[in-house]
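Please look at the model below and follow its parts in turn.

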Amino acid sequence: MYHNIIAVVVISFIIVGSMWGIGNLLNPPREKNIQKSNDTILLVAQGNAFNHTNPTLHVSSNQPTKLIILNKDFVKHDFISEELGINTAYLSAEQDFVTGIASNKTGNFTYYCSFHPEMRGLIEIT
Ligand SMILES: [Cu+2]
């Protein structure tokens, strides 16, 4: 009897383990499919500034850069660069938006929040 219980437990582990393995083979964890990139910029809108200082964003031309805008304020913000065709629309508190900068142009381009004129900086594409 006791041996039967052990056998059932062991067999259960083997079945669950193999199902997990087969599941991973058929449907690999999603992060493995995503190209890891060092070129991600996170901009947090907080205290009516992007990352405290509205920093200049340095981006390489002909290389897509992921851009995440996160609103940590209670008021709405947006992120706009007309020249680069980026507009997140209004982000409410705790809302984020993932977009990107991809340009074959070089130069300095303005970004800003349409609600707060002081939230303004440069995207430098080299
Ligand atoms: Cu704003």
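S81 is buried in this predicted model, because its relative accessible area is 0%, and the cut-off for a buried residue is under 20%. The residue lies in strand β5, which covers residues 80–81. Apart from neighbours within four places in sequence, S81 is in contact with I86, F109, T110, Y111 and I123.

In soluble globular proteins, nonpolar side chains tend to be buried together. L57 shows how parts of the chain meet: leaving out residues up to four places away in sequence, L57 touches I41, L43, L67, F79, Y111, L122, I123 and E124.

Next comes the sheet. Four strands form an open sheet of mixed pairing, in the order β2-β1-β4-β7. The edges are taken by β2 (49–50) and β7 (96–101); each has a single partner strand, so one side of each is left without a neighbour in the sheet. Strands of a sheet pair through backbone hydrogen bonds, either parallel or antiparallel. On one side of β4, the strand β1 runs parallel to β4 and is joined to it by 6 bridges; here V44 stands opposite L70. The pairing of β4 with β7 is antiparallel, over 6 bridges. Across this pairing, I68 stands opposite V98, and T65 stands opposite I101. Of the 7 residues of β4, 6 are buried, so this strand is largely enclosed by the rest of the structure.

Finally, which residues coordinate the copper ion? The donors are H77 (ND1), C113 (SG), H116 (ND1) and M119 (SD), at 2.0 to 2.7 Å. Their spacing in sequence is H-x35-C-x2-H-x2-M. Why is the arrangement of the 4 donor atoms called tetrahedral? The angles they subtend around the copper ion are 86 to 131°, and four donors count as tetrahedral if all angles lie between 85 and 135 degrees.

Conventions. Residues numbered from 1 in each chain as written. Predicted model: local features only at pLDDT ≥ 70, side-chain atom pairs only at ≥ 80, totals over all residues. Heavy atoms only, no water. Contact = heavy atoms within 4.5 Å. Helix = DSSP H or I, 4+ residues; strand = E, 2+ residues; numbered from the N terminus. Buried < 20%, exposed > 50% of the residue type's maximum accessible area, 1.4 Å probe, protein only. Donors = N, O, S within 2.8 Å, 3.2 Å for Na, K, Ca; no water. Tetrahedral: all angles 85-135°; square planar, octahedral: opposite > 155°, others 65-115°. Pairing = 2+ DSSP bridges.
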